[in-house]
Amino acid sequence: MGGQVSSPGSFRGLPCASKANADWMSALSSRLWDVPLHQLSIPGSHDTMTYCLNKKSPISSKEPRLLQLLGKVLPCVTLPVVLKWSTTQVLSVAEQLDAGVRYLDLRIAHVEDGSERNLHFVHMVYTTALVEDTLTEISEWLEGHPREAVVLACRNFEGMTEGLHEYLVGCIKNIFGDKLCPRGEVPTLRQLWSRGQQVILSYEDEASVSRHTELWPAIPYWWGNKVKPQDLIHYLEHMKSCGRPGGLFVAGINLTENLGFILVHPAWSLEKLTLWGLPHLCAWVRAQCPGSAAGCTNIIAGDFIGATGFVSDVIGLNRKLLRG
């Protein structure tokens, strides 16, 4: 692969989500039930909620002022371009869980002109989905899958005040209740099952974490910010060489566009970029190994998680722990 990017080839769309991995944790070998979650291989989705970005929403106030201005002056031109480069998933949150995803990347925002407590998700533009409704949907899914566990990463917090943080944490406690695993040592599946716990909730606001034992500190996310698969793989290998973090952590195989790439490839989208790079990135995924050693991986998150066998590849890495 050189400097030129070829067509994404035969990829024309995303297959339907499968429920084959809906209960993969409970189906693991009993020899893995006592392995801490940060030593297992867990599939995740990057920017989980972008499947429901609102075509009528304003561009996020965190984006460059020029882009915000173009969104107001030329919305018919600007918003379609923004949407095709900000949408990272097409499966709903329930479909992602059915497909086997167990790490959800939830970027939360309070819309400036929105109602007082309506919290949405955001990635350049805001979602139609409300945070409280989505958390309820996740909780209901977990009730139907009592031996599955999820890691929820609440991040970004655009426009959030201390009062809104307290409101959100109150919602989290009310919705998940005893399903929440208080922070401490990373648990094993057997420990979670014995306690009836299913949710580890990472919260990227230190003040809130200090006030609530139900919240875990922000989980490190290895984001390469690369447009080419080989550059991203080089970054991930460099991070591995530096040694794994002590607890849960994420290796992101999501490619990131830049302005130069968009200008040279006006007919492309993040979906096309992702599908072009996935064969190379999934080959890297299949070469990984979970465990406690310095070069081992843990959560691996990607875009358009239903596009290939990515989720099954990540889950399948756990078989390497049974060797020897």
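Me: Strands (E) are DSSP runs of at least two residues, numbered from the N terminus. In which strand does Asn156 lie?

Reply: In this predicted model, Asn156 lies in strand E5, which is made of residues 150–158. Asn156 also has a positive phi of about 75 degrees, although it is not a glycine.

Me: Is Asn156 buried, exposed or partly exposed, and how do you know?

Reply: The relative accessible area of Asn156 is 40%, and because buried means under 20% and exposed over 50%, Asn156 falls in between and counts as partly exposed.

Me: What about Asp47, which also has a positive phi: where is it found, and why is it called buried?

Reply: Asp47 is found in the loop between strand E1 (42–45) and helix H1 (65–73), and its phi is about 50 degrees although it is not a glycine. Its relative accessibility is 2%, which is under the 20% limit, so Asp47 counts as buried.

Me: What makes Asn254 count as buried, and where does it lie?

Reply: Asn254 lies in the loop between strand E9 (250–252) and helix H9. Because its relative accessible area is 1%, and buried means under 20%, Asn254 is called buried.

Me: How do you know that Asn254 makes a polar contact with His46?

Reply: A pair of N or O atoms has to lie within 3.5 Å, and the side chains of Asn254 and His46 are joined at 3.4 Å, so the pair is called a polar contact. The side chain of Asn254 makes a polar contact with the side chain of Tyr221 as well, at 2.8 Å. Leaving aside residues up to four places away in sequence, Asn254 touches His46, Tyr221, Trp223, Leu232, Ala301 and Asp303.

Me: Why is the pair of Phe261 and Trp268 called edge-to-face?

Reply: By the rule for aromatic rings the count comes to six pairs. In the pair formed by Phe261 and Trp268, the ring centres lie 5.8 Å apart and the planes make an angle of 80 degrees. Trp85, Phe261, Trp268 and Trp276 form one aromatic cluster.

Me: Are Phe261 and Trp268 buried or exposed, and what makes them so?

Reply: Phe261 has a relative accessible area of 8% and Trp268 one of 10%; because both values are under 20%, both residues count as buried. Trp276 is buried as well.

Me: What makes Val264 exposed, and which residues make a nonpolar patch with it?

Reply: Val264 has its place in helix H9, residues 259–264. Its relative accessible area is 60%, and because exposed means over 50%, Val264 is called exposed. Together with Leu259 and Leu263, Val264 makes a nonpolar surface patch of about 350 Å².

Me: Is Val82 buried or exposed, and how do you know?

Reply: Val82, placed in helix H2 (residues 75–86), has a relative accessibility of 6%, and since this is under 20%, Val82 counts as buried. Although Val82 and Met124 are 42 residues apart along the chain, their C-alpha atoms are separated by 7.4 Å.

Conventions. Residues are numbered from 1 along each chain as its sequence is written. This is a predicted model: local features need pLDDT of at least 70, side-chain atom pairs count only at pLDDT 80 or more; totals for chains, interfaces and linings use all residues. Side-chain values use heavy atoms; hydrogens and water are left out. Patches are made of residues with over 30% relative accessible area and no salt bridge: like charges are joined within 9 Å, nonpolar side chains (Val, Leu, Ile, Met, Phe, Trp, Tyr) within 5 Å. Accessible areas come from the Shrake-Rupley method with a 1.4 Å probe; for residues, only the protein chains shown count as cover. A salt bridge is a side-chain nitrogen of Lys or Arg within 4 Å of a carboxyl oxygen of Asp or Glu. Helices (H or I, at least four residues) and strands (E, at least two) are DSSP runs, numbered from the N terminus. Buried means under 20% relative accessible area, exposed over 50%, partly exposed in between (1.4 Å probe, protein chains only). A polar contact is a pair of N or O atoms within 3.5 Å; within protein, one must be able to donate a hydrogen and the other to accept it, and residues adjacent in sequence count only if both atoms are side-chain atoms. Contact means heavy atoms within 4.5 Å. Rings of Phe, Tyr and Trp (its six-membered ring) pair if their centres lie within 6.5 Å; planes under 30 degrees apart count as stacked, over 60 as edge-to-face and the rest as tilted.
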